[in-house]
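Student: I have not seen this structure before. Please show me how to read its features.

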Amino acid sequence: MSLFGSFFGRNNKTSAPVARDRLQILLAHERTGNGNESDLLNKLQAEILEVIKRHIAVDQDKVQVKLDRGNSVSMLEIDIEVPQQMRPSGQP
Amino acid sequence: MAKVLVVTSGKGGVGKTTSTAALGAALAQTGQNVVVVDFDVGLRNLDLVMGAERRVVFDLINVIQGDAKLSQALIRDKRIETLSILPASQTRDKDALTAEGVASVMAQLREKFDWVICDSPAGIERGAQLAMHHADHAIVVTNPEVSSVRDSDRIIGMLDSTTKKAQDGGKIEKHLLLTRYDPARAARGEMLRIEDVLEILSIPLLGIIPESEEVLRASNLGAPVTLSSPDSPPARAYAEAARRLEGEKLEVTVPVERKGLLARLFKGKS
């Protein structure tokens, strides 16, 4: 028991290495994101539009992609205006 | 030529004001002319930590708006002759802190003092940017805790992009001050290690301030910890950090767990 206890118990207690790994991944991600954010958004907008166009005819200008980067939460907002008489292209 | 220092952090409550007061007092004790400036308009606290709260008549905003002269707003410390404080306003609109006004006050302070230490508000908003804008040297205060480290990373990014020094093509000097470090918890693997924080943030270390009751005691008394209990571990750590700021090459003391004799004996046997 004491062998298992010390073996597993120690693993449970050492939260610092987990903290370090989480931070390293997060910051690596955030650092790359900051520099070319607008580039990322343009790419996202083009690709999302491409997917939507396969099914619905939408105007290039009617798609808005926005990224709100907060301190703890970032929000990706995609706004697509669909014309009223439009129907999914697969149906008659 | 004065050296302008900003004490900054992303997250609040990590010890910026405590560190500003302690470092300011430690530098002033060596005979240099030091002013500590509170940039946290709306939530001023530096005057309280320095024990000058009842002597505030005019503040930074009064000076910026031309309602008072700089000399009227500066409060001379009662304990150390070469230490002054420029308090922040609590009641006024914080938008009164204009870029031109700050530039003019900083230029005047540079002429009067050897060290201008700016206590920044937390975060990445305008107030923090104004506080760091004119700095030659930044001290990033961080706790060994994930949210504090992450936010420090953003502040370091801001220091490298939005300060005057960076915009003029130069490089702002940056140092890390690790506060509330608990060696016992770090030894047990419950707290981020110093090496980990340094590796993640990759800026040089100015000092490690151990977690201590003395810090709260000092702020209760309204005295920088370097004055209220100069022999305590945090005061010693701040005093050493101040010497490093003055260019002294001094090995950083890593706080060690202070154990009782019994605990040490038992550890030796097992």
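**Reading the sheet and the pocket**

Tutor: In chain B, eight strands form an open sheet in the order β3-β4-β2-β5-β1-β6-β7-β8, and the pairing is mixed. The model is a predicted one.

Student: Which strands stand at the edges of the sheet?

Tutor: In chain B these are β3 (75-76) and β8 (205-210). Each has a single partner strand, so one side of each is left without a neighbour in the sheet.

Student: What holds the strands of a sheet in pairs?

Tutor: Strands pair through backbone hydrogen bonds, and they do this either parallel or antiparallel. Here, β6 (residues 137-142) and β7 (residues 173-181) of chain B run parallel and are joined by six bridges. Within this pair, B:His137 is opposite B:Glu173 of β7(B).

Student: Which helix packs on the sheet by touching β1, β6 and β7 of chain B?

Tutor: That is α7 (residues 146-162) of chain B, and β1 there covers 3-8. The direction of α7 makes about 165° with that of β6(B).

Student: What is the volume of the largest pocket, and how many residues line the largest pocket?

Tutor: Its volume is about 620 Å³. The lining has 29 residues, and those nearest the centre are B:Asp40, B:Leu43, B:Ser120, B:Pro121 and B:Ala122.

Student: Which elements give two or more residues to that lining?

Tutor: They are α1 (16-29), α6 (126-133) and α11 (213-221) of chain B. The largest share, four residues, is from α6(B).

Student: How do the lining residues divide into nonpolar, polar and charged?

Tutor: Twelve are nonpolar, nine are polar and eight are charged.

Conventions: Residues are numbered from 1 along each chain as its sequence is written. Chains are lettered from A and ligands numbered from 1 in the order in which they are written. This is a predicted model: local features need pLDDT of at least 70, side-chain atom pairs count only at pLDDT 80 or more; totals for chains, interfaces and linings use all residues. Side-chain values use heavy atoms; hydrogens and water are left out. Two strands pair if DSSP finds at least two bridges between them. Contact means heavy atoms within 4.5 Å. Axes are lines fitted to C-alpha atoms, for helices over the stretch in contact, and angles run from 0 to 180 degrees between N-to-C directions. On a 1 Å grid over the protein atoms alone, a cavity is a set of points where a 1.4 Å probe fits but cannot get out, and a pocket is an open set with protein on both sides within 12 Å along at least five of seven lines; lining residues have an atom within 4 Å of a point. Grid points are joined across faces, edges and corners, and a volume is the space filled by probe spheres set on the points. Ala, Val, Leu, Ile, Met, Phe, Trp, Tyr, Cys and Pro count as nonpolar, Asp, Glu, Lys and Arg as charged, and the others, Gly among them, as polar.
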